[in-house]
Amino acid sequence: MMSTELVKEPNRYEEAFRQATQGRAADEPTWLQSLRENSFEQFEQAGFPNVKQEEWKYTNVTSIAKASFVPVLTSNGTALSKDGGLTRFIYEEARHSRLVFVNGMFREELSSRSALPDNVVAMDLREALRSSEYEATVREYLEHPVLANGFAALNTALFTSGLFLKIPRGITLDAPIHLLFIGEGAAENSPPAAFPRVMVVAEENSSATIIESYASPKDDGVYLTNAIVDLSLADGARLQHYKIQRESMGAFHVATTRAELGPKSSYNSTAINFGATLSRHDIHVQMDHEGAECSVDGLYMVDGSQHTDTHSVIDHRQPHCTSHQLYKGILDGKSRAVFNGKVFVRHGAQQTDARQTNKNLLLSTGARVDTKPQLEIFADDVKCTHGAAVGQIDEEEKFYLESRGINPALARNMLTYGFAEEVIEKIGVESIRRELDAAVLNRLHVQFEGVS
Amino acid sequence: MLEIRNLHASVDGNEILKGINLKVNKGEVHAIMGPNGSGKSTLAKVLAGHPSYEVTAGEVLFDGKNLLEMTPDERAREGVFMAFQYPVEIPGVSNAQFLRLAYNEKQKHLGAEELDPLEFKDLLKEKAKLVEMEASFMSRSVNEGFSGGEKKRNEILQMAVLDPKLSVLDETDSGLDIDALRIVAEGVNKLHDPNKAVILVTHYQRLLNYITPDFVHVLSGGRIVKEGGKELALELEEKGYDWLKSANGKSATVAPQAG
């Protein structure tokens, strides 16, 4: 019953798709028009995912299907100004290397790129599609089959703006590049749906840090973010990637991250999930070449009736690759978290070193975690470990703090903070660490200074 | 300062302490010795309020107040400190954060001035000299990745910062090499003054070469079976604990009660 019901919901998007198609027909290459049509057809057939599908077993998106989201197809006015409302979302280290999007639409006037070298290409995806130099690259990305689910198909059908980012060969960027996605919810009955699409090309031996953050000026604004971020790392490229999801508590956040790692490249990702009433993050790291390494870490912290779901795939397809994964979760109230982490070690991927850990801290009896680390190994000379833990505050640790005069409530909070720190303290951008420290402490309703 | 009367305590239903009587006055250093399993560490943990230990009979007065009615954190703020035999690692919380928070909780309790991170840093620097700890330890997570000796020094640093009236050192000498033992012992000696008291819980006499006890109590089978001055420790060192077994059960008190 549920699945048929869900399949019908896409009709709401049909009008948007027709509108969008008319609006940009003249503007877009024909290959993209047919790609969009195929994608939309896919979406119409499959609808939004439902809980009968294994990959969506614990995450029910009926609320997204039923809400009357209106896809954002053009830039509307925004309440934000460059000096005003934006300031609190800007990281000092990336003040002049920030690219700002409002409801998925790139905003040049809110962005600043003076700290970026001239040869770094950072342009609205719309512009890249019109560029003879980059159209072929963009096409390659877009035609690369994305995840076979309704959200991804809908993004391809409806994305209007986004970013094409190229870090040239041999360049090391000092300033992190901040992609700031602002969600401005609508008060009335038709909340906006944003479909940002990002492509990052890290050329040979380049090195950069990318911050992808999601935030909202209002704590309760309702909107949907449905984002796809593609990253490709060429030979020897190094990329630090921080995804900071602090959407409004009324928002829905669905995002896909895909990273393809070239020979001897290094990809380090930390995904933070604090916001949104419902969030789902699919992260796929494909290691198609020898000698690549990645760390894929994350921290989710949810409370109340929040729901957060991480599905991760780390695919070792060639020998001599390393992947380390640490995901931690803190759950309070009646919140719920899902962690599904697959690590594949394909036939012939000898000398693979893969480690995966998922640890969860339950602060209330009403919270629930479904965790499923999955290791599938088809090679025989590998070093692989994985594990998952769900637990409460350690009583010996708590007693130790109490025995120094710290009251039980504060002791619990310090231990919770410490639990989160294992992920936060590794983040290489100080402003992010400070922001997250403060967010964790705020969530715990305590005050003490962050890492000294 | 501390008066223990007929203290009985059990863990998981097994009675470990079977009627301890002990009086500790200001300025005194007491050593509690005894073979493994005699209940020495249990006594230390009961005084600190460890939740796994249940007091089934008896009472403990600290400065005239009922210590057993207080929660572990209240005891600490009142001035009771236990140095752990196995200090616990607290990942993600720095030593400096932890110590400042503990310090300020106590200051708050005493109605004294709380310190901000910068002010506290100065205080910590001063105290760290006492146990020869480098500044880098302060920004590291509490006890995480510390060697056995570093953990024990960190316990004494905490004692120095919290400035307790009564310090109970639970096997602080175990696992220490001779240099670390000297540093720890000198730290304890420097912190001692006529208004404070120390209880050393130890299996071996060697710590007592560095910290001279006023009284030695020998625990066996959950009872104090022998008491004396510092010379008793030497006698134990020489004869071992086996000769006490005959005395066990009679609970003969040959030396006068402390104080």
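Colleague: Which strands does helix α9 of chain A lie across?

Modeller: This is a predicted model. In it, helix α9 (residues 408–424) of chain A lies across β13 (266–273), β15 (293–302), β17 (322–331) and β19 (353–362) of chain A. It runs at about 155 degrees to β17(A).

Colleague: What makes the sheet with those strands an open one, and what is its order?

Modeller: The order is β3-β2-β6-β9-β11-β13-β15-β17-β19-β21 (chain A), 10 strands with mixed pairing. β3 (105–112) and β21 (383–391) of chain A are the edges. Each has a single partner strand, so one side of each lacks a neighbour in the sheet. From one strand to the next, the twist averages 10 degrees.

Colleague: How do you know that β9 and β11 of chain A pair?

Modeller: Pairing needs at least two bridges. Nine bridges join β9 (residues 207–215) of chain A to β11 (residues 238–246) of chain A, so they pair, and they run parallel. Within β11(A), A:L239 is the residue opposite A:A208.

Colleague: Why is strand β16 of chain A called mostly covered?

Modeller: Buried means 20 or more other C-beta atoms within 10 Å. Of the 10 residues of β16 (residues 307–316) of chain A, nine are buried.

Colleague: Which strands pair with β16(A)?

Modeller: Strand β14 (residues 278–287) of chain A pairs with β16(A) in the parallel sense over 10 bridges. There, A:I283 has A:S312 as its bridge partner. Strand β18 (residues 336–345) of chain A is joined to β16(A) by 10 bridges, also running parallel. A:V313 stands opposite A:K342 in β18(A).

Colleague: Why is A:D370 called partly exposed?

Modeller: A:D370 has 15 C-beta neighbours inside 10 Å. Buried takes 20 or more, and exposed takes 12 or fewer. The value falls in between, so A:D370 counts as partly exposed. A:D370 is found in strand β20 (residues 368–377) of chain A.

Colleague: What does A:D370 touch, leaving aside neighbours within four places in sequence?

Modeller: A:D370 is in contact with A:Y58 and A:V338. As for A:N149, it is 221 residues from A:D370 in sequence and 21 Å away in space, C-alpha to C-alpha.

Colleague: How do you know that the span of α6(B) agrees with its number of residues?

Modeller: α6(B) has 15 residues, which at 1.5 Å a residue should span 21 Å. The end C-alpha atoms are 21 Å apart, so the two agree. After α6(B) comes B:D163, with a positive phi near 50 degrees.

Colleague: What makes α6(B) largely enclosed?

Modeller: Burial does: 12 of its 15 residues are buried, so the rest of the structure largely encloses α6(B). Among them are B:K151, B:I156 and B:L162. The buried residues pack against β6 (80–83), α3, α4 (117–130), β9 (166–170) and α7 (178–191) of chain B.

Colleague: How many residues does each chain bring to the contact between A and B?

Modeller: Chain B gives 25 residues and chain A gives 25 residues. On the chain B side, α2 (72–78), β7 (90–94), α3 (95–110) and α6 (148–162) each supply at least two residues.

Colleague: How confident is the predictor in chain A?

Modeller: The average pLDDT is 91, and 94% of the residues of chain A score at least 70. Over residues 1–8 of chain A, the pLDDT is below 50. That stretch has nine contacts in the model beyond near neighbours in sequence.

Methods:
Residues are numbered from 1 along each chain as its sequence is written. Chains are lettered from A and ligands numbered from 1 in the order in which they are written. This is a predicted model: local features need pLDDT of at least 70, side-chain atom pairs count only at pLDDT 80 or more; totals for chains, interfaces and linings use all residues. Helices (H or I, at least four residues) and strands (E, at least two) are DSSP runs, numbered from the N terminus. Axes are lines fitted to C-alpha atoms, for helices over the stretch in contact, and angles run from 0 to 180 degrees between N-to-C directions. Two residues are in contact if their C-beta atoms, placed from the backbone, lie within 7 Å. pLDDT is the predictor's confidence in each residue, from 0 to 100. The expected span of a helix is 1.5 Å times one less than its number of residues.
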